[in-house]
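Reader: I am new to this structure. Please show it, and then I will ask about its parts.

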Amino acid sequence: MLLYNAQVSGNCYKARLLLAQVGVDYERREINVIDRSGRSDLLGGVNPALQVPTLVLDDGRPLAESGAILWYLSLGTRYLPDEDFDRAKVLQWMFFEQYSHEPNIAVVRYWVSIAADSPRESVIEARRKAGYEALDAMERELATRKFLVVDRYTIADIALYAYTHVAGEGGFDLTGYPAIGRWLERVRDPRHSTHTQLATGGCRWRDRAVLRNPRVTRRSCRLLGPAGCSASLSRRSLPLS
Ligand SMILES: N[C@@H](CCC(=O)N[C@@H](CS)C(=O)NCC(=O)O)C(=O)O
């Protein structure tokens, strides 16, 4: 697979994290999110929105939007629940992320820490206020449960972890959000999610739940035999920030 990627982008981070967790080998093509020149030439054929992340499958079909990429890669894996209602709850949080969280927390982070120019302070403050409201909603939910859905790590957690764990770069102060703080730790905990196991050479791609998804496993199974698996995975630098 090929990922059109920007290293600073939390939306791309979601795709990189799940690709690492399911153990798919892929290439990256870097896009500059500040200098937008030449964007049509680079992405015109694969994403009408001319944005990243965009994933191109091995058969050439392109898939854009971080949520769609997470959904596709998680089909048949432990990262997407089987039960219909639980799957709808995953979507609930992913839509929340795209409408209430990312447009405020990610955009303020972009203005404050990445962009060459930013709007006037009152505009930033209005977005920051809306960002805090999104964090309030997460705090209320996470005060009652360990993860956003079915009390285990799913792509809903990946979608919301991406920009929450770097919210400080947008001037968001998370000290008043103890449940979010504990959830951030849980997401990083190898007992709940697998990325730190991968970092230490874990071999989750052989897991039965992962193997149920032919899209993400056929190629990695071919590429990584049992002996090569931990070596390949431990060499991979994981996109944890
Ligand atoms: N809803 C999209 C948003 C994608 C998006 O905003 N991508 C940004 C990087 S985070 C981008 O490509 N910016 C450059 C541009 O719009 O020209 C998603 O979740 O993937």
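Reader: In which loop is the place of Glu 65?

Author: This is a predicted model, in which local features need pLDDT of at least 70, side-chain atom pairs count only at pLDDT 80 or more, and totals for chains, interfaces and linings use all residues. Residues are numbered from 1 along each chain as its sequence is written. Helices (H or I, at least four residues) and strands (E, at least two) are DSSP runs, numbered from the N terminus. By that numbering, Glu 65 has its place in the loop between β4 and α3 (66-74).

Reader: What is the phi of Glu 65 near?

Author: Most residues other than glycine have a negative phi. Glu 65 is not a glycine, yet its phi is positive, near 75°.

Reader: Is Glu 65 buried, partly exposed or exposed?

Author: A residue is buried if 20 or more other C-beta atoms lie within 10 Å of its own, exposed if 12 or fewer, and partly exposed in between, with C-beta atoms placed from the backbone. Glu 65 has 18 other C-beta atoms within 10 Å, so it is partly exposed.

Reader: Which peptide bond is cis?

Author: Most peptide bonds are trans. Pro 53 lies in the loop between α2 (39-43) and β3 (54-56). With omega at about 5°, the cis bond is the one that joins Val 52 and Pro 53.

Reader: In what order do the four strands stand in the open sheet?

Author: Two strands pair if DSSP finds at least two bridges between them. Strand β1 (residues 2-5) and β2 pair in the parallel sense over four bridges, and the pairing in the sheet is mixed. The order is β2-β1-β3-β4.

Reader: Which strands stand at the edges?

Author: The open sheet has the order β2-β1-β3-β4. An edge strand here has a single partner strand, so one side of it is left without a neighbour in the sheet. The edge strands are β2 (27-30) and β4 (62-64).

Reader: Why do the buried residues of α7 line one face of the helix?

Author: The buried residues of helix α7 (residues 178-188) are Ile 180, Trp 183 and Val 187. Seen down the axis of α7, the directions from the axis to their C-beta atoms fall within an arc, so these residues line one face. That arc is 60°.

Reader: Which helices do the buried residues of α7 pack against?

Author: Contact means that the C-beta atoms of two residues, placed from the backbone, lie within 7 Å. The buried residues of α7 pack against α5 (121-142) and α6 (155-164).
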